[in-house]
Amino acid sequence: MHTPGPWKLSRTVDGFLAVAGPRGRNVCSVGADELFPDIIHDARLIAAAPDLLEALKAIKARYEGVFDHPALLKQGALNTNAATDMWAIANRAIAKAEGRN
């Protein structure tokens, strides 16, 4: 189980970017953006990870079974290949985040 969110981008006393969880608990140190200017983008993505996982799980829970709905499939309202691909991508991402890949 991961450290619960929200996670926030912070900076350590020695100038490194870090991601902190609740009560300032360090989740990870990312690196020095002075040395690696693009690392700020990685740090932002890491900080957003719990929110992204929660959103993806909520979307999956809300639409579970929709892509198999016979009436929608019959009417052609869904592109079944695209829906299947999207569902597979979501499942892989959740499994990866949960260490099940």
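**The sheet and its helix**

Modeller: Let's start with the pairing of strand E2 (residues 17-20) and E3, which is antiparallel and runs over four bridges. One of the pairs to look for is Ala18 with its bridge partner Ser29 in E3. Bear in mind that this is a predicted model.

Zooming out, the sheet is open and has three strands in the order E1-E2-E3, with antiparallel pairing. Strand E1 (8-11) and strand E3 (26-31) are at the edges with a single partner strand each, so one side of each has no neighbour in the sheet. From one strand to the next, the twist averages 30 degrees.

Now for the helix. H1 lies across E1, E2 and E3, and its direction is at about 5 degrees to E2. H1 takes in residues 39-63, 25 residues in total, and from first C-alpha to last it reaches 35 Å, close to the expected 36 Å. There is a kink in H1, though: about 50 degrees at Ala49, shortly before the proline Pro50.

Which residues of H1 are buried? They are Ile39, Ile40, Ala43, Ala47, Pro50 and Leu53. When you read that list, keep the helical repeat in mind: with 3.6 residues a turn, an α-helix has residues three or four places apart pointing the same way.

Finally, look just past the end of H1, where Gly65 takes a positive phi of about 90 degrees.

Technical notes
Residues numbered from 1 in each chain as written. Predicted model: local features only at pLDDT ≥ 70, side-chain atom pairs only at ≥ 80, totals over all residues. Heavy atoms only, no water. Helix = DSSP H or I, 4+ residues; strand = E, 2+ residues; numbered from the N terminus. Expected span 1.5 Å × (residues − 1). Bend = angle between axes of the 7 residues up to and from the residue. Buried < 20%, exposed > 50% of the residue type's maximum accessible area, 1.4 Å probe, protein only. Pairing = 2+ DSSP bridges. Axes fitted to C-alpha atoms, helices over the stretch in contact; angles between N-to-C directions. Contact = heavy atoms within 4.5 Å.
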